[in-house]
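Biologist: I would like to learn how to read a model like this one. Where do we start?

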Amino acid sequence: SIHRVWARQVLDSRGNPTLEAEVVLEEGTRSRAMVPSGASTGVNEALELRDGNKARYGGKEVGKAVQNVQKRIAPCLQGQNALDQQEIDRLLRELDGTENKSNLGANAMLGVSLAVARVAAAALGIPLYRYLGGTGSALLPVPFANVLNGGAHSDAPLDFQEFMIVPRGAPTFSEAIRFGAETFHALRVLLRERNLGTGLGDEGGFAPNLSSADEALELLCTAVERAGYTPGKEIFFAMDPAASEFFDQSSEAYVFRKSDQRRMPAVHLVEYYKELCGRFPLISIEDGAAENDWEGWRLLTRELGASVQLVGDDVFVTNPEFLRKGIAQGVANSILIKPNQIGTLSETLETVDLAKRSGYGVMLSHRSGETEDPFLAHLAVACNAGQIKTGSFARSDRIAKYNELLRIEEDLGKNGRYGHW
Ligand code: PGA
Ligand code: ZN
């Protein structure tokens with residue numbers, strides 16, 4: 001049973017404060033977990049509690065969340081069975097008592113929730129992915145590697161936030177990592193040749209001087225070929241426009257503020273996606289419409305949902321209620337899963353379960369502000385999600401997840417599979 005729970009403030013990959021929780025069991029087993037943080041956050045995400053004192057870390061300290069762990073969560077969980085994750089998470093929600101976790105803070109709750117799962121696995125002496133998913137968990141996820149960063153993640157004049165390479169045609173996970181990393185290196189050479197800049201964005205992708213999706217995807221095609229692969233054979237593409245970030249609510253139009261100021265209603269944006277899908281091997285578009293443009297989302301799904309994976313991030317915020325509404329209304333055909341959008345592990349798993357039962361795809365995801373904690377790698381395998389989005393092939397906060405998946409691949413041995421979702 002749980003003996004001690006506490007937390008501390010550490011830094012995330014952007015140098016902003018975040019929370020790390022630690023749990024010790026009666027018999028001495030000890031584990032910890034760190035919480036990531038988004039930049040293009042959905043309005044309906046659970047609340048990330050920050051202190052707000054502008055004189056310190058620009059108001060981003062998490063001292064209140066840390067105090068909530070020490071003073072309120074710790075006494076509540078002391079003596080509880082760490083193996084009963086559902087009950088732990090129920091107690092956390094009951095103690096918080098709000099819909100959006102604004103009382104304790106979703107960062108305080110998630111840190112503890114994840115640390116409890118990890119200490120339970122450690123106490124049983126089994127890998128975290130197997131503890132969470134059982135012996136049926138054997139699917140290594142296809143990486144969606146964000147190699148070009150725009151939108152809220154970089155200063156590039158690109159309105160779409162993410163351009164990903166997807167080595168779906170690789171025979172194994174480790175080969176997928178090689179195909180992806182080689183393409184990333186070819187991309188660097190290409191950017192240097194063209195004087196486009198090789199600086200990196202928040203998720204380890206390049207943030208070059210490109211100003212349209214066409215240019216970005218053309219560049220990726222060339223990089224894939226230079227690396228010795230064929231676009232649409234070994235390596236496919238995916239985008240996260242993160243359309244909530246450039247939707248103008250008052251005029252109900254999408255405005256390309258970072259590049260050419262073009263303004264278009266949802267119908268034209270969907271036509272643009274269609275054209276891009278015709279020209280490039282684009283297999284997945286995330287947040288192609290804004291979180292509060294459900295009409296645009298329905299249109300997008302009607303027009304492209306049969307041939308392209310449409311992933312809901314901001315629109316679902318890992319919340320079973322929003323996903324249920326989306327399923328009923330024919331919105332998207334896949335969901336992005338970010339545990340800190342909802343605030344507990346059990347609710348995250350509930351959302352994954354609902355998505356799978358409803359025939360929706362599932363993609364596990366990092367945040368743009370990450371940490372070295374590789375929990376997400378275990379969660380992706382535990383859920384047999386088949387897809388993970390955890391950044392480029394640079395920056396150790398991103399690589400930590402890939403490296404953990406390489407270890408899991410080795411651990412699974414012959415039982416491991418890759419590439420189907
Ligand atoms: P965020 O971006 O972590 O900044 O929200 C990731 C995403 O939009 O998928
Ligand atoms: Zn997104």
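**The ligand and its surroundings**

Modeller: Start with the shell around ligand 1, whose residues divide into 2 nonpolar, 5 polar and 8 charged. Keep in mind that this is a predicted model.

Biologist: Which residues come nearest to ligand 1?

Modeller: Of the 15 residues around the ligand, Ala-39, His-153, Arg-367, Ser-368 and Lys-389 come nearest. For polar contacts, look at pairs of N or O atoms within 3.5 Å. A side-chain N or O atom of Ser-368 is 2.6 Å from an oxygen atom of ligand 1. For Arg-367, the corresponding distance to a ligand oxygen is 2.7 Å, and a polar side-chain atom of Asp-313 lies 3.1 Å from an oxygen of ligand 1. Taken alone, ligand 1 exposes 280 Å², and the protein buries 100% of that.

Biologist: Which residues touch the most other members of the largest nonpolar core?

Modeller: The general idea is that nonpolar side chains tend to be buried together in soluble globular proteins. Here the largest nonpolar core has 138 residues, and Leu-19, Phe-160, Phe-163, Phe-237 and Met-239 touch the most other members. Helix α3 (residues 106-124) gives the most to this core, with 11 residues. Leaving aside neighbours within four places in sequence, Phe-160 is in contact with residues including Met-239, Phe-246, Phe-256 and Leu-269.

How values were computed. Residues numbered from 1 in each chain as written. Chains lettered and ligands numbered in written order. Predicted model: local features only at pLDDT ≥ 70, side-chain atom pairs only at ≥ 80, totals over all residues. Heavy atoms only, no water. Near = heavy atom within 4 Å. Polar contact = N/O pair within 3.5 Å; in protein donor to acceptor, adjacent residues only side chain to side chain. Areas by Shrake-Rupley, 256 points an atom, 1.4 Å probe, with all protein chains shown as cover. Nonpolar A, V, L, I, M, F, W, Y, C, P; charged D, E, K, R; others polar. Core = buried A, V, L, I, M, F, W, Y, C linked by side-chain atoms within 4.5 Å. Buried < 20%, exposed > 50% of the residue type's maximum accessible area, 1.4 Å probe, protein only. Helix = DSSP H or I, 4+ residues; strand = E, 2+ residues; numbered from the N terminus. Contact = heavy atoms within 4.5 Å.
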